[in-house]
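Grab a pencil and let's work through a few exercises together. Each one gives you a task, then a solution that goes step by step.

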Amino acid sequence: FSRGPKVTYVPPALSEDESSIFAHYESGINFDKYDDILVDVSGHDPPKAIMTFEEAALCESLNRNVSKSGYKKPTPVQKHGIPIISAGRDLMACAQTGSGKTAAFLLPILQRLMADGVAASQFSEVQEPEVIVVAPTRELINQIYMEARKFAHGTCVRPVVVYGGISTGYTIREVLKGCNVLCGTPGRLLDIIGRGKIGLSKVRYLVLDEADRMLDMGFEPDMRKLVSSPGMPPKEDRQTLMFSATYPEDIQRLAADFLKTDYLFLAVGVVGGACSDVEQVVVQVTKFSKRDQLLEVLKTTGTERTMVFVETKRQADFIATFLCQEKVPTTSIHGDREQREREQALGDFRSGKCPVLVATSVAARGLDIKDVQHVVNFDLPNNIDEYVHRIGRTGRCGNTGKAVCFFDPEADGNLARSLVKVLSGAQQEVPKWLEEVAFNAHGTIGFNPGGRVFASTDSRKGGSFQNDRTTSQPAAALGVAGDDDEWE
Ligand SMILES: Nc1ncnc2c1ncn2[C@@H]1O[C@H](COP(=O)(O)OP(=O)(O)OP(=O)(O)O)[C@@H](O)[C@H]1O
């Protein structure tokens with residue numbers, strides 16, 4: 001697993017200060033509208049949803065941590081997901097970006113560990129975690145770890161995080177101090193397991209966040225390796241939980257290999273639908289006009305936090321340099337930057353020191369950053385699901401946001417049709433010219449811009465997917481992650 005020179009980076013020690021552990025932003029004006037979203041639970045005998053956190057019957061310390069986090073009532077994925085997980089069922093859950101999927105799995109898992117009196121083992125040469133959480137990028141797994149650390153605060157349960165780009169020696173020392181909830185990116189996780197530092201026989205929960213990404217061609221082999229690692233309980237003897245905002249149908253089918261046959265499928269809203277709290281604007285551009293138009297957009301957005309997505313690592317550096325020259329305080333994140341730089345960039349963006357972050361798709365999924373008002377798709381991804389994740393960096397937790405996308409008919413024609421569908425599915429205005437591009441690109445058959453575009457459907461129901469995602473192409477083949485970008 002070691003590529004290039006030995007990594008020595010050790011992340012700065014985390015603050016033990018409660019105000020920093022529980023720092024959070026407020027839910028937005030549309031938080032209560034979550035209640036209006038249609039929810040579909042399919043599969044045999046699903047447990048009843050809860051309406052309040054009290055009904056989740058969390059232990060005192062978890063309850064305290066939930067309220068210190070500013071959570072007053074559960075979001076739909078939490079209302080349904082928490083009792084499903086507490087009932088011991090396997091779950092494939094799909095809910096829109098920013099709607100609280102992380103707490104939906106962390107809370108019932110931590111509750112079970114607490115109820116069973118699980119306590120972090122003392123230092124030991126082999127650690128045996130009860131929970132394994134995997135996610136596709138370093139920054140995302142770190143964020144999930146921070147959430148786990150927050151909810152487990154003041155309890156005996158110890159979460160640990162492992163990911164590429166930081167010193168392996170340091171990582172192993174952290175694991176050996178005690179580890180109940182092991183959060184990791186696949187490569188580093190398998191590395192540490194392969195070194196004999198982790199025993200898997202006590203694993204009760206396996207969580208795949210951004211599950212469709214974890215099971216596409218890029219990561220599927222790692223996931224198969226993980227579940228067939230020595231000691232890992234078979235799916236019948238563990239609980240497997242999958243979360244994402246998007247689920248191509250073929251990935252759903254493949255996911256079933258990892259789940260018990262009676263798993264429940266939870267769809268909050270339309271599978272793969274964009275969050276309607278994000279205002280989406282599509283601007284027609286040419287390859288040569290993009291840079292000026294970006295400046296134009298940034299002028300009107302001022303210093304509000306903006307993420308600019310580009311296709312390649314080179315392009316990310318290039319645009320970030322260009323913006324700095326234009327006196328826009330900008331930083332960048334992509335797979336060629338060292339981990340120290342990536343964390344610094346994210347930190348500067350989070351704190352507002354650099355209000356503009358130029359990113360490849362490495363930052364498209366899961367990142368939850370306060371006050372991101374704008375997302376600009378300077379380059380469009382080739383895959384509509386990736387677009388949905390990218391624009392979901394704004395408009396989170398009932399807050400509103402705006403996404404501007406530059407559409408170059410020369411280069412982006414293949415996305416026109418699915419973009420029209422996503423726009424209309426989220427009740428956004430569809431420009432006439434875009435409809436025309438979509439129409440010309442694909443002819444009339446099956447083209448239905450105004451109609452219902454996505455079925456929120458469990459693939460077991462068979463064939464009712466009406467979207468373009470019937471085959472998920474691997475991120476690498478599509479250039480999703482900025483062609484050659486590395487995810488973990
Ligand atoms: N019940 C709640 N009340 C208030 N805030 C909440 C609640 N649940 C989650 N949040 C907050 O909402 C934000 C978004 O949650 P989270 O990151 O889990 O979303 P997500 O569904 O995983 O999104 P993505 O698809 O982008 O990964 C976080 O800041 C989280 O702390």
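**Exercise 1. Describe how α7 and α9 pack, starting with the hand of their crossing.**

Step 1: α7 passes α9 in a left-handed crossing. A crossing counts as left-handed if the near helix is turned anticlockwise from the far one by less than a right angle, and as right-handed if clockwise.

Before step 2, a word on the model. Residue numbers start from 1 along each chain, in the order its sequence is written. The model is predicted, with local features needing pLDDT of at least 70 and side-chain atom pairs counting only at pLDDT 80 or more, while totals for chains, interfaces and linings use all residues.

Step 2: Helix α7 covers residues 186-194 and helix α9 covers residues 220-227. Helices here are DSSP runs (H or I, at least four residues; strands are E, at least two), numbered from the N terminus.

Step 3: The two axes lie 10 Å apart, and the packing angle is about 30°. Axes are lines fitted to C-alpha atoms, for helices over the stretch in contact, and angles run from 0 to 180 degrees between N-to-C directions. That angle makes α7 roughly parallel to α9. (Under 35 degrees is roughly parallel, over 145 roughly antiparallel, 65 to 115 roughly perpendicular, and the rest oblique.)

Step 4: P186, G187, L189 and L190 of α7 meet D222, M223, K225 and L226 of α9. Being in contact takes C-beta atoms, placed from the backbone, within 7 Å. By class, this contact has five nonpolar, one polar and two charged residues. (Ala, Val, Leu, Ile, Met, Phe, Trp, Tyr, Cys and Pro count as nonpolar, Asp, Glu, Lys and Arg as charged, and the others, Gly among them, as polar.)

**Exercise 2. Work out how α4 sits against α3 and against α5.**

Step 1: Take α3 (residues 76-86) and α4, whose axes come within 9 Å and cross at roughly 30°. That makes α3 roughly parallel to α4. The crossing is right-handed.

Step 2: Look at who touches whom. Residues of α3 including V77, I82 and I85 meet residues of α4, among them A103, F105 and L107. This contact has nine nonpolar, four polar and one charged residues.

Step 3: Now turn to α4 and α5, with axes that come within 10 Å and cross at roughly 40°. That makes α4 oblique to α5. Their crossing is right-handed. On the α4 side you'll find T102, A103, L106, L107 and L110, and on the α5 side I144, E147, A148 and F151. Sorted by class, that's seven nonpolar, one polar and one charged.

Key
Contact = placed C-beta atoms within 7 Å.
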